[in-house]
Amino acid sequence: MLFHRPLSFVPLPRIFGGYIGDNFGRVVVLTYTTMIMAISCLLIANIPSFAEWGYYATMLIIGCRILQGFSSAGEAKGAEIFVAEVVPHFPKIFLASAMIPITCDMGGLLATLLGSLCLSIDPVNGWKTCFYIGAATAFSSSISRRKLKETKEFLDHLKNKKPKPKIWERYFERRNFLALMGLNMICPTAFYFAYSYGSDLLKDKVGLPANMILFNNSMLLLIEVFFLWGCARLAYHFDPFRILKVRTLASFVLVPLCFILLWVNPTHAAIFLAQLVVLLSTASFDPATPVVIRSFGIQSRFSRYSKAWAFAKAFMYLSTGYLT
């Protein structure tokens with residue numbers, strides 16, 4: 001519960017981050033959010049235990065988790081917008097955009113493998129080593145991102161302020177905003193089921209230790225990497241929204257079947273299959289991401305795209321944290 005509730009406050013910093021992204025640049029957001037992640041990882045690894053500091057330790061952990069939620073949101077959404085503006089040509093933009101969730105999954109894959117290794121060596125304090133390595137990686141990334149050049153589309157917007165969007169343009173932006181919120185509500189639910197609830201099932205029903213659960217989840221991430229790459233390649237030949245529609249329709253059939261299988265026979269293979277199906281069918285809306293991003297006007301693109309993600313994410317964190 002502790003790791004879900006703090007992230008429900010993410011809309012407030014996301015509104016602030018969207019303002020910075022639309023007025024000061026995408027590179028600025030990418031740089032400072034990575035630095036925030038580095039600092040929060042370093043703090044978490046050095047916060048005393050509850051036995052030593054009591055509720056002060058709890059509040060510090062919650063504060064650092066809020067900072068991590070703020071950082072990951074700004075970093076991921078900022079990167080998606082940056083790529084969508086840097087690579088404006090179709091269909092290469094689909095593969096370039098898909099590289100963001102692919103590299104995120106690869107980072108998660110390395111993190112779970114590293115966590116499994118560290119916990120195998122030191123079951124008590126091995127997790128701290130992972131946070132130290134993560135902090136060092138984030139610090140180096142924030143330094144390298146300062147060398148990025150701002151997107152030409154954003155720089156042109158600053159030089160030549162475009163007029164306010166027309167009424168019909170506002171209508172489509174509002175419709176896309178609501179649709180984007182709906183898509184984003186699915187993603188954290190799938191993530192929660194696969195990595196939180198699924199991990200609990202592997203521990204309680206199958207009796208897997210923590211290092212083996214991390215290894216199991218790393219295999220999920222590895223498969224998801226190849227799946228997202230395949231979707232991006234398919235977008236070279238098919239409408240990306242058609243691909244997304246097929247994934248969504250498939251989820252209506254496959255997800256209930258997996259739940260039935262879990263209820264009848266909750267084995268390791270059944271749990272892994274359910275985790276995989278939920279992730280692949282509902283965990284993201286690639287390869288249509290760049291099309292959705294570019295549907296918003298440049299003058300408020302970062303704000304609108306981030307707000308849709310933030311409010312949907314906060315709602316789903318509340319529902320999974322308190323209800324599910």
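Which residues lie nearest the centre of the second largest pocket? This predicted model is shown below in close-up views.

**View 1. The second largest pocket and its centre.** I186, T189, A190, V278 and T282 lie nearest the centre of this pocket. They belong to a lining of 21 residues. The volume of the second largest pocket is about 340 Å³.

**View 2. The lining of the second largest pocket.** Helices α8 (167-206), α10 (240-264) and α11 (268-282) are the elements that each give two or more residues to this lining. The most comes from α8, which supplies nine residues. By residue type, the lining of the second largest pocket holds 14 nonpolar and seven polar residues, and no charged ones.

**View 3. A nonpolar patch on the surface.** The patch is formed by L249, F252, V253, L254, L257, I260, W263 and V264. Together these residues have about 920 Å² of accessible area. One of them, V253, is found in helix α10, an element that also gives residues to the lining of the second largest pocket.

**View 4. The surroundings of N176.** N176 is placed in helix α8. Apart from neighbours within four places in sequence, N176 is in contact with S295 and F296. A308 is 132 residues away from N176 along the chain, and the C-alpha atoms of N176 and A308 are separated by 9.5 Å.

Methods. Residues numbered from 1 in each chain as written. Predicted model: local features only at pLDDT ≥ 70, side-chain atom pairs only at ≥ 80, totals over all residues. Heavy atoms only, no water. 1 Å grid on protein atoms, 1.4 Å probe; cavity = no way out; pocket = protein on both sides within 12 Å on 5 of 7 lines; lining within 4 Å. Points joined across faces, edges and corners; volume = space filled by probe spheres on them. Helix = DSSP H or I, 4+ residues; strand = E, 2+ residues; numbered from the N terminus. Nonpolar A, V, L, I, M, F, W, Y, C, P; charged D, E, K, R; others polar. Patch = residues over 30% accessible without salt bridge, like charges linked within 9 Å, V, L, I, M, F, W, Y side chains within 5 Å. Areas by Shrake-Rupley, 256 points an atom, 1.4 Å probe, with all protein chains shown as cover. Salt bridge = Lys/Arg side-chain N within 4 Å of Asp/Glu carboxyl O. Contact = heavy atoms within 4.5 Å.
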